[in-house]
Amino acid sequence: MSRFSEFKNARPHLFILFAFILTLLAGLREAGVGADDFAYIKKFLRIPHIGHWISGSFSYSFRETYAEPGFLALGSFIRMYTDNYTWFFLSMAFLSVSIACYNFYFLSLYPLLTLLLFFSHTFLY
């Protein structure tokens with residue numbers, strides 16, 4: 001019985017490890033794995049860095065950008081440091097996986113099983 005109680009204490013650490021691995025799988029994938037990766041790369045490379053927002057030389061208009069403000073804000077912050085789209089994918093993966101995992105951990109009776117189902121539904125298609 002004591003072996004199971006030791007595993008119970010390790011569950012949060014395993015959950016965080018698996019969430020980190022999922023983030024890396026989603027963020028470090030090669031462009032073209034997803035059907036719309038190249039469209040996101042093209043949009044990311046057209047986003048001005050955040051300095052243009054602050055100076056007022058860029059103003060948001062959905063009609064001109066066809067992108068949501070959060071997408072543009074994150075992209076412009078990343079573009080301030082690099083033009084590498086992998087950082088953008090990694091940031092989006094971190095945000096989406098961490099929000100999902102936070103909910104899984106606090107709302108599910110079996111968070112590791114829920115994380116496994118999330119992985120099988122989202123990453124194995």
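The largest nonpolar core has 11 residues, namely Ala31, Ile41, Phe44, Ile47, Ala67, Phe71, Leu72, Leu74, Ile78, Phe88 and Phe89. A nonpolar core is a set of buried Ala, Val, Leu, Ile, Met, Phe, Trp, Tyr and Cys residues joined through side-chain atoms within 4.5 Å; buried means under 20% relative accessible area, exposed over 50%, and partly exposed in between (1.4 Å probe, protein chains only). At least two residues of this core are supplied by each of helix 2, helix 5 and helix 6, and helix 5 gives the largest share, four residues. Helices are DSSP runs (H or I, at least four residues) numbered from the N terminus. Apart from this core lies another, of nine residues, including Val97, Ala100, Cys101 and Phe118.

The model is predicted: local features need pLDDT of at least 70, side-chain atom pairs count only at pLDDT 80 or more, and totals for chains, interfaces and linings use all residues. Residues are numbered from 1 along each chain as its sequence is written, and side-chain values use heavy atoms, with hydrogens and water left out.

In helix 2 (residues 37–46), the buried residues are Asp37, Ile41 and Phe44. Seen down the axis of helix 2, these residues fall within an arc of 65° (taken from the directions from the helix axis to the C-beta atoms), so they line one face of the helix. The face turned away from the buried side carries the exposed residues Phe38, Lys42 and Arg46. Helix 5 (69–79) and helix 6 (85–107) are among what covers the buried residues of helix 2.

Key
Contact means heavy atoms within 4.5 Å.
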